[in-house]
Amino acid sequence: MVSGDGRLRSVVLAGGGTGGHIYPLLAFADCLRRHDPDLRITCLGTPRGMETELIPAAGYDLRHIPAYQLPRSVNMNLLRTPDRMFRSTKAARAVLDEVEADAVVGFGGYVSVPAYLAAWRRHTPIVIHEVNVPAGVANKMGMRFTDHLAVGFPHQPRQDESLRGATVVGVPLRQSIATLDRAALRERARAHFGLDPHRPTLFVFGASQGARSINLAVAASAKALTSAGVQVLHVIGARNEDFDVPSDLDAPYVRVKFINEMELGYAAADLALCRGGAMTCAETAALGVPAIYVPLPYGNGEQRRNALPVVEAGGGLIVDDGELTPQWIEQNVLPLVTDQARLATMGYAAAAYGRRDGDEQLRSFLLNALASAKRN
């Protein structure tokens, strides 16, 4: 239910499992808190997801509820396997009742389903934010209970029939990213990582989990890259094994497991070599970082769909995971990262496609949904 005066006093945010769900949730929570420090923000998650580490560390109340993997196809039989779903929904309903939730905003992940069901049964307005094509199973389930559907990218409603009526709001980005001036921070960022302030810099990362195929291909190219004067900032991923890099290199090659301040990596970079997750594409495009995207070679192809519009706008390149070899890097990455004019053109194109206001736009979308619920 909406508060009698129409004000938003308490909101429940649901999303978990991976960074692609959690980081936009946290960015949106920060936006809500900036506008109203007294707003009660409660997050739903599971004990097994990344949210257990990230959400409390960001200062938000995290409530654990049981959540279970869903079948890939969405049909009403999902509601006829009620034991587990009943327990999950009951736990979510208890949280919504306790915090007197005025709205539920879901970002996907299995924990979103019981939140959607509990909100529907409680007559609490539901807003869904989706960043992938095709839409995730949890959010497809939620679409049965609300018309308030927001998406991160303009290509999504064109490519997925289930998203046809969605409103494009952008992807909520952390303020440290959304407000970043790369040029102003570049020298300090490179000094932070022990990099030369003036050398061309390749920034390599594989999202929160890293990417071993990218790691090995770039490491095998270390000699060629550094011999050409290119330095490398390489985030290998917290869960990936380390790898050998020659010690007699002609330029810095810095390896780190994980970067908490991702804005420093973007500021240090002339060119990124990365996966094609929705958050990665949203961040690189918003900041005008030229990028070579290496989509995950499995799944339903959403990473290629994420990256392709940026590439078509002129902001990057795509290479298949199986084609990313040391030879490909020497033939394609090396000439690009040393071509400042081409990088500048790509950066402008990426920035023209990207946007930095996804958090504010989603907040406006939520407030409009609440106003609509109050009228009805």
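This report walks through a few residues, a sheet and a helix in the structure above.

## About the model

The model is predicted, so local features need pLDDT of at least 70 and side-chain atom pairs count only at pLDDT 80 or more, while totals for chains, interfaces and linings use all residues. Residues are numbered from 1 along each chain as its sequence is written, and side-chain values use heavy atoms, leaving out hydrogens and water.

Let's start with Gly19, which sits in helix α1 (residues 19-35). Helices (H or I, at least four residues) and strands (E, at least two) are DSSP runs, numbered from the N terminus. Is Gly19 buried or exposed? Gly19 is buried, because its relative accessible area is 4%; buried means under 20%, exposed over 50%, and partly exposed in between (1.4 Å probe, protein chains only). Leaving aside neighbours within four places in sequence, Gly19 is in contact with Pro24, Met50 and Met279, where contact means heavy atoms within 4.5 Å.

Arg174 belongs to the loop between β7 (167-168) and α7 (175-178). With a relative accessibility of 22%, Arg174 is partly exposed. Not counting residues up to four places away in sequence, Arg174 touches Tyr23, Ala27, Asn260, Met262 and Glu283.

## A parallel sheet

Now for the strands. In the order β10-β9-β8-β11-β12-β13, 6 strands form an open sheet with parallel pairing. Its edge strands, β10 (253-256) and β13 (316-318), each pair on one side only. From one strand to the next, the twist averages 15 degrees. Two strands pair if DSSP finds at least two bridges between them; β11 (residues 271-274) and β12 (residues 291-293) have 3 bridges. Within this pair, Ala272 has Ala291 in β12 as its bridge partner.

## A helix across the sheet

Helix α9 (residues 212-220) lies across β8 (201-204), β9 (231-235), β10 and β11, and runs at about 160 degrees to β9. Axes are lines fitted to C-alpha atoms, for helices over the stretch in contact, and angles run from 0 to 180 degrees between N-to-C directions.

Which residues of α9 are buried? They are Ile214, Asn215, Ala217, Val218 and Ala219. Their cover includes β8, β9, β10 and β11, along with α10 (222-227) and α14 (326-337).

## An exposed arginine

Arg239 lies in the loop between β9 and β10. Arg239 counts as exposed because its relative accessible area is 63%.
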